[in-house]
Amino acid sequence: MEYILQPWPWYVSGPLIALIMFSLLFFGKTFGMSSNLRTMCSISGAGKLVPFFKFDWKSQRWNLVVVFGAIIGGFIAHNFLSNPINIDLSQNTLADLKTLGFNNIGQSLLPPELFSWDAVFSIKGLLILVVGGFLVGFGTRYAGGCTSGHAITGLSSLQLPSLIAVVGFFIGGLIMIHFIYPILF
Amino acid sequence: MGKYIKFLGVGILFGIVLVKSEAVSWYRIFEMFKFQSFHMYGIIGTAVTTGIILLLLSKQLKVKTIKGENLRVPLKEKGFIRYIAGGTIFGLGWALCGACPGPMYILVGTGMFSILIVIAAALLGTFTYGFFKDKLPH
């Protein structure tokens, strides 16, 4: 039990993620979390305005069930399977975040500087979350997949489009962290 | 209802693994893009390596899905612009809010309800893509 309560090492977590991808393929489906965003748009009636959302979303119900399960899994892991422990970040990361003005680094999953209600109700804080979320939602559909569809499933099946997309993920991420963060914080 | 139970199970396992591996943490994503820890690269690297082995093995052994069809990964369309441009836009957002779509849902379960704003914005982003889809280079 003690091993379960500790954070899980990468060499346990990575293969388990592969197993999750494989089990969905075995069930005749595929691992793709961002597709649910399109499905949710369709359910909200976006198909009346845009043909892209006019499809039989009921065929995607299984994936919404995966999302529902993921929420439950997050609840279980956070409340019953975790010791309160600081995230074991590298010393360089701690120093860099301190320089950017972050405090209590790694004491929760998300930094209070961005996700506490105080931060959310400031204009800058709200803009960061809204712009970040918007770019994820736009980019993932443009690229035809996210981390699960391209980085895990696509690379595992040796598909060139997925490799190009993952290179894109890193171009964007590196630009954000190395060039835009120093301006934002 | 019964046929959905297995997907619920897969989702629960997914949520637990991503929380326990700390891959849902904004801090870990920051650290990854700073190349300051092996942790996230270890997760993605072992996931992809295990995935390649599982898929090659299942091809060799002609593994069938529960529907009796050959187990196959859907192929992505050929192309370049949509993958590099869409990927870059995605990466900018991923690094800014520290969450890709899977972790967004999972974080709701951990009680981080401000992530709902990110999810709402992601829905708006997806809708906007759908709206401009035919005008964008792919």
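User: How much space lies in the second largest pocket?

Analyst: About 390 Å³ of space lies in the second largest pocket, where a volume is the space filled by probe spheres set on grid points joined across faces, edges and corners. The model is predicted, so that local features need pLDDT of at least 70 and side-chain atom pairs count only at pLDDT 80 or more, whereas totals for chains, interfaces and linings use all residues. Residues are numbered from 1 along each chain as its sequence is written, chains are lettered from A in the order in which they are written, and side-chain values use heavy atoms, without hydrogens or water.

User: What makes a residue part of the lining of the second largest pocket, and which lie closest to its centre?

Analyst: On a 1 Å grid over the protein atoms alone, a pocket is an open set of points with protein on both sides within 12 Å along at least five of seven lines, a cavity is a set where a 1.4 Å probe fits but cannot get out, and lining residues have an atom within 4 Å of a point. The second largest pocket is lined by 15 residues, and L55(B), K59(B), L71(B), R72(B) and V73(B) are the closest to its centre. The most is given by α3(B), with five residues, a helix being a DSSP run of H or I of at least four residues, numbered from the N terminus.

User: Why is S42(A) called buried?

Analyst: S42(A) has a relative accessible area of 8%, and buried means under 20% (1.4 Å probe, protein chains only), so S42(A) is buried. The place of S42(A) is in helix α3 (residues 35–43) of chain A.

User: What does S42(A) touch, leaving out residues up to four places away in sequence?

Analyst: S42(A) touches F53(A), F55(A) and W57(A), contact meaning heavy atoms within 4.5 Å. A polar atom of the S42(A) side chain lies 2.7 Å from the backbone oxygen of F53(A).

User: How many residues of chain A and of chain B are in contact, and what area is buried between them?

Analyst: In chain A 128 residues are in contact with 106 residues of chain B. About 10,500 Å² is buried between the chains, and carbon and sulfur atoms give 80% of that area, buried area being the accessible area (1.4 Å probe) that two parts lose on being put together, summed over both. W10(A), L109(A) and Y142(A) supply 8% of the area that chain A buries against chain B, more than any other three residues.

Definitions and conventions:
Helices (H or I, at least four residues) and strands (E, at least two) are DSSP runs, numbered from the N terminus. Buried means under 20% relative accessible area, exposed over 50%, partly exposed in between (1.4 Å probe, protein chains only). A polar contact is a pair of N or O atoms within 3.5 Å; within protein, one must be able to donate a hydrogen and the other to accept it, and residues adjacent in sequence count only if both atoms are side-chain atoms.
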